[in-house]
Amino acid sequence: MARTLIVEADGGSRGNPGPAGYGAVVLDPETGEALAEAAEFIGTATNNVAEYKGLVAGLRAAHALDPQACVRVRMDSKLVVEQMSGRWKIKHPDMKPLAAEARSVFPPDRVTYEWIPRAQNKHADRLANEAMDAGKIGKQWEPRDSRAALATAAAPARSAAARAADEAAESAEAADAAPSAPPAGWGAPDLGPPATFVLLRHGETALTPEKRFSGSGGTDPELSAAGRRQAEATAAALAARGTIQAVVSSPLRRCRETAEAVAARLGLEVRIEEGLRETDFGAWEGLTFAEVRERFPEDLDAWLGSARVAPTGGGESFAAVARRVAVARDKLLARYAGRTVLLVTHVTPVKTLVRLALGAPPESLFRMELSAASLSAVAYFSDGNASVRLLNDTSHLR
C-alpha cells in the first residue's frame with residue numbers, strides 16, 4: 001500500500017500585488033511530525049500566485065520524500081482547493097500554468113485536496129511570512145531562519161487590506177465557478193469546541209528548591225520525594241475534574257514521572273513530544289543565578305537583554321526554544337483539535353505557550369512566576385484566537 005503524506009501550503013502578499021512569499025510543510029499523517037519544509041520569497045505577486053507556488057513547492061517536497069506516495073493537500077485557500085479539485089474553472093492567465101505545474105508533480109489520482117480554516121494552517125502560514133520577512137531585508141528563507149512568529153497572532157502578518165483583496169480575487173474567480181459552489185455568507189462561524197492545553201510544570205527535583213538552572217543539557221534529575229507527592233496530588237485533582245482526554249510529556253525524566261503519575265490515575269497513556277523539552281542552559285546547567293553571575297557576568301547580561309542570545313557554552317536561546325515549542329504546539333493542535341490535553345513540561349515551554357497566546361514580547365518570560373507542579377491553561381479556537389484561562393494555579397497542592 002502506498003504511503004500517505006500530508007502537504008499543507010500557504011502564500012501571502014503584502015499589498016496584493018506586493019512583496020510575496022510562500023510556505024509549505026510535509027507532515028506524517030500518523031504522528032503529525034514535520035518531514036520537510038519549504039519557503040521562498042518570490043518578489044512582487046498576488047496572494048493567489050503565492051498560494052499556488054506554495055502548493056507546487058509542497059508537492060515537490062513530498063515527491064522528493066516518496067515519489068510513490070499518495071498526498072492529501074490541505075490549504076486555507078478555497079480558490080486553490082476548488083480549482084485543483086476541478087469544481088471551479090481557472091480563467092486567470094497567471095493561475096493556469098501554476099495549476100498545470102502542480103498537476104504534473106504526482107499523478108492526479110494520487111492527490112486529494114481539502115480546505116481547512118486558516119487557524120489550522122499556521123505552520124505553512126508562518127513559513128510564508130518568514131519568507132516575506134527574509135525578502136524584506138534582501139535575503140531568501142533558509143531552514144535555520146525559521147522562528148515562532150505566533151506573536152503575530154495578535155496582529156496577523158497579512159494586513160486586513162491584503163486579506164480583503166485576496167477574498168475579492170477569490171470572489172471574482174468564484175463568479176465563473178460551477179453553480180454548485182456554495183456562496184459566502186455573513187453568518188457567525190461555528191468555531192466548535194477549542195483545543196485546550198492544560199499545562200503542568202513537573203514536580204520538584206533536588207535542584208528545584210535550590211533554584212538551579214536545570215534544562216535539557218544537564219543531568220536529567222528524577223523527582224524528589226516532594227515532587228512525587230506533588231505529582232500524586234495533581235493526579236488526584238485532575239481525576240476529580242474529569243476533563244483530561246490525553247497526556248503528552250516532555251522526554252525528560254522529571255516530566256515523564258509526573259505525567260505517568262497522572263496518566264495512571266486517569267487510565268491514559270503518555271505520549272512523548274520532543275518539542276516540549278526544557279531549554280538547554282549550556283555551561284549554566286546545575287548553577288544558581290548567583291553562580292552564573294559570578295562566573296559569566298557578561299554572558300548573563302547579554303542573555304537577559306535578548307531572547308536571541310544563548311547561554312554560555314552552546315546553550316539554547318529563548319528564541320530557539322520558541323521556534324520548536326511553536327512547531328510542537330501546531331502539531332499537537334492538529335492532532336487534538338477540540339480536545340482537552342495535559343502537557344507536562346517545564347518552565348520555559350509553559351511560559352512560551354502563554355506568551356505566544358497573549359502576543360506578548362519575549363521579555364515577558366522574566367515576568368511570570370511558575371511554581372513546581374503548577375497548572376496553567378490555554379484554549380485555542382479554530383479562527384486562530386487563543387485565550388489564556390489559567391496561570392500558575394497551585395491550589396491542588398494545598
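Predicted model: local features only at pLDDT ≥ 70, side-chain atom pairs only at ≥ 80, totals over all residues.

**Entry 1: Arg254**

I listed the contacts of Arg254 (heavy atoms within 4.5 Å), leaving out neighbours within four places in sequence, and got His202, Thr205, Ser214, Gly215, Asp220, Pro221, Leu223, Glu278 and His346. Residues are numbered from 1 along each chain as its sequence is written, and side-chain values use heavy atoms, with hydrogens and water left out.

Buried or exposed, Arg254? Arg254 counts as buried because its relative accessibility is 1%; buried means under 20% relative accessible area, exposed over 50% and partly exposed in between, with a 1.4 Å probe and protein chains only. Arg254 sits in helix α7; helices are DSSP runs of H or I with at least four residues, strands are E runs of at least two, and both are numbered from the N terminus. The unreviewed UniProt entry annotates Arg254 as "binding site"; such annotations may be inferred rather than shown by experiment.

**Entry 2: α6 against α7**

I then looked at how α7 (residues 253–266) packs with α6 (residues 225–241): the angle is about 35° and the axes are 8 Å apart. Axes are lines fitted to C-alpha atoms, for helices over the stretch in contact, and angles run from 0 to 180 degrees between N-to-C directions. On the α6 side I noted Ala231, Glu232, Ala235, Ala236, Leu238 and Ala239; α7 brings Thr258, Ala261, Val262, Arg265 and Leu266.

**Entry 3: the six-stranded sheet**

I traced an open sheet with mixed pairing, in the order β8-β7-β9-β6-β10-β11. Strands count as paired if DSSP finds at least two bridges between them. β6 (residues 195–201) and β10 (residues 375–380) have six bridges and run antiparallel, with Leu199 opposite Ser376. Helix α11 (residues 347–358) lies across β6, β9 (340–345), β10 and β11, at about 145° to β11.

**Entry 4: the five-stranded sheet**

Here I read the order β3-β2-β1-β4-β5, again open and mixed. β3 (34–45) and β5 (111–115) are the edges; each has a single partner strand, so one side of each has no neighbour in the sheet. β4 (residues 70–75) pairs with β5 in the parallel sense over five bridges, and Val73 has Tyr113 as its bridge partner. Helix α1 (residues 47–65) packs on this sheet and touches β1 (4–13), β2 (18–27), β3, β4 and β5.
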